[in-house]
Amino acid sequence: IKYHVHTKAIFFMLGFACLVSFLLIIFAPSTMSFTPQSYGPAVNNAMAKTIATGAVNHAKQNSWNVAVAIVDTHGMLVYYEMMDDTQTGSSEISVEKAKTSARFRRPTKAFENGVNDRTALLSFGVNMCEGGIPIVKNGQVIGGIGVSGVNSDQDASCAEAGLVCLSNLF
């Protein structure tokens with residue numbers, strides 16, 4: 001079937017409109033409101049190691065075995081550490097939590113809460129388990145931390161402990 005140039009343009013515009021509508025529905029303020037923060041210079045390796053050390057130390061204090069991933073603003077892995085005897089599935093989950101929190105500039109808990117009202121989130125390709133938190137410096141997102149290995153609220157407490165170590169540097 002031959003399509004005219006105008007027909008292709010119409011299909012493109014309809015597809016684009018559907019995508020925009022889909023995103024507006026998913027990120028409606030009622031379920032996941034937040035104040036967007038700008039991206040800043042990406043987390044460096046020294047900062048990432050400091051954050052991961054804080055998260056791992058918190059896990060050790062509680063006798064938890066976790067995997068910790070630190071990513072930059074684009075979701076690229078900067079630092080990774082997996083404690084001995086951590087479940088192997090946590091290796092990928094920690095990275096996905098970190099990527100989600102950095103790329104969307106919000107904790108993964110926001111998606112976990114939002115999925116109750118918006119099942120379309122299940123097909124969106126984000127990690128929706130608590131334990132991923134954006135790394136913020138001077139009001140700008142510079143990366144994300146993801147922790148996995150125990151219950152999701154415990155993962156989040158490890159991530160928060162890591163971020164406290166970063167704030168102590170400034």
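Five bridges join strand 1 to strand 4, and the two run antiparallel. Strands count as paired when DSSP finds at least two bridges between them. Strands themselves are DSSP runs of E with at least two residues, while helices are runs of H or I with at least four residues, and both are numbered from the N terminus. One spot to look for in this pairing is Ala67, which stands opposite Ser148 in strand 4.

Before going further, a word on the model: it is predicted, so local features need pLDDT of at least 70 and side-chain atom pairs count only at pLDDT 80 or more, whereas totals for chains, interfaces and linings use all residues. Residues are numbered from 1 along each chain as its sequence is written, and side-chain values use heavy atoms, with hydrogens and water left out.

## The sheet

Strand 3 and strand 4 pair in the antiparallel sense over six bridges. Within this pair, Ile133 has Ile145 as its bridge partner in strand 4, and Pro134 stands opposite Gly144.

Put together, four strands form an open sheet in the order 2-1-4-3, with antiparallel pairing. Strand 2 (77-82) and strand 3 stand at the edges with a single partner strand each, so one side of each is left without a neighbour in the sheet. On average, neighbouring strands are turned by 20° against each other, direction ignored.

Helix 3 packs on this sheet, touching strand 1, strand 2, strand 3 and strand 4, and its direction makes about 25° with that of strand 2. Contact here means heavy atoms within 4.5 Å. Helix 4 (residues 89-104) lies across strand 1, strand 2, strand 3 and strand 4, running at about 155° to strand 4. Such angles run from 0 to 180 degrees between N-to-C directions, using lines fitted to C-alpha atoms, for helices over the stretch in contact.

## Inside the protein

Is strand 1 largely enclosed or open? Five of the five residues of strand 1 are buried, so it is largely enclosed by the rest of the structure. Buried means under 20% relative accessible area, exposed means over 50%, and partly exposed lies in between (1.4 Å probe, protein chains only). Both faces of the strand are covered, with Ala67, Ala69 and Val71 on one side and Val68 and Ile70 on the other.

The largest nonpolar core has 23 residues, and Ile51, Val66, Val68, Ile70, Ile135, Ile145 and Val147 touch the most other members. A nonpolar core is a set of buried Ala, Val, Leu, Ile, Met, Phe, Trp, Tyr and Cys residues joined through side-chain atoms within 4.5 Å. Helix 3 (45-61), strand 1 (67-71), strand 3 (132-137), strand 4 (140-148) and helix 6 (152-167) each supply at least two residues of this core. The largest share, seven residues, comes from helix 3. A second, separate core of five residues includes Ala69, Val95, Ala98 and Ala102.

## Loops and cysteines

Ser63 lies in the loop between helix 3 and strand 1, and its phi is near 60°, a positive value in a residue other than glycine. Asn138 lies in the loop between strand 3 and strand 4 and has a positive phi of about 55° although it is not a glycine.

| Residue | Relative accessible area | State |
|---|---|---|
| Ser63 | 66% | exposed |
| Asn138 | 72% | exposed |
| Cys129 | 41% | partly exposed |
| Cys158 | 0% | buried |

How many disulfides does a search of the whole structure find? It finds zero, a disulfide being a pair of cysteine sulfur atoms within 2.5 Å.

## The whole protein

The secondary structure comes to six helices and four strands, following the pattern α-α-α-β-β-α-α-β-β-α along the sequence. Buried residues make up 41% of the 170 residues.
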